[in-house]
Amino acid sequence: QVQLVESGGRWVQAGDSLRLSCAASGRTISSLVMGWFRQAPGKEREYVACINRRSSYADYADSVKGRFTISRDNANNSVLLQMNSLKPEDTAVYYCALRIRTGSGSAIYTESYDYDYWGQGTQVTVSS
């Protein structure tokens, strides 16, 4: 059974940096598509970032481009989200997602329905 566990979320001030981690068990994720999504109070879940199967390309939502970086930590079977220059509007529960369905090695997926497994989420709160 595949499990994803996010960690690293906490309260920070605007301008601070934070690194989220998503540890996977039950499946090696080093060559699988991984994504990060977030959901703010009263809003729908939204796409944040994705890294493709080959780890040759990472994609970002416009709202985080240039500030967030998705990467893999294969030694720990994890995916990371480095978040810099945080803003109050980044406040949300952050979820990592795993896609096990086959597809192009270079493909990026930005919709929730593209993913097969989800973590429970970690809260990030950015104070102004």
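## A first look at D116

Is D116 buried, partly exposed or exposed? In this predicted model, D116 has a relative accessibility of 28% and therefore counts as partly exposed. Buried would require a value under 20%, and exposed a value over 50%.

D116 has a salt-bridge partner, R101, and the closest N and O atoms of the two are 2.7 Å apart. Both residues sit in the loop between β9 and β10 (117–118), yet they are 15 residues apart, so this pair links distant parts of the chain. R101 is partly exposed as well, because its relative accessibility is 37%.

Now turn to R67 and D90. These two form a salt bridge too, with 2.7 Å between the closest N and O atoms. R67 belongs to the loop between β6 (58–60) and β7 (68–73), while D90 belongs to the loop between β8 (78–83) and β9 (92–99), so their contact ties together parts that lie 23 residues apart in sequence. Both residues of this pair are buried.

## E46 and R38

Another salt bridge joins E46 to R38, where the closest N and O atoms are 2.6 Å apart. What is the relative accessible area of R38? The value is 5%, so R38 is buried. E46, at 35% relative accessibility, counts as partly exposed.

## Putting the pairs together

R38 and E46 also join up with R67 and D90: the four are linked in a network of salt bridges. Across the model, the count comes to five salt bridges, and you can look for the pairs described here in the structure above.

Conventions. Residues are numbered from 1 along each chain as its sequence is written. This is a predicted model: local features need pLDDT of at least 70, side-chain atom pairs count only at pLDDT 80 or more; totals for chains, interfaces and linings use all residues. Side-chain values use heavy atoms; hydrogens and water are left out. A salt bridge is a side-chain nitrogen of Lys or Arg within 4 Å of a carboxyl oxygen of Asp or Glu. Buried means under 20% relative accessible area, exposed over 50%, partly exposed in between (1.4 Å probe, protein chains only). Helices (H or I, at least four residues) and strands (E, at least two) are DSSP runs, numbered from the N terminus.
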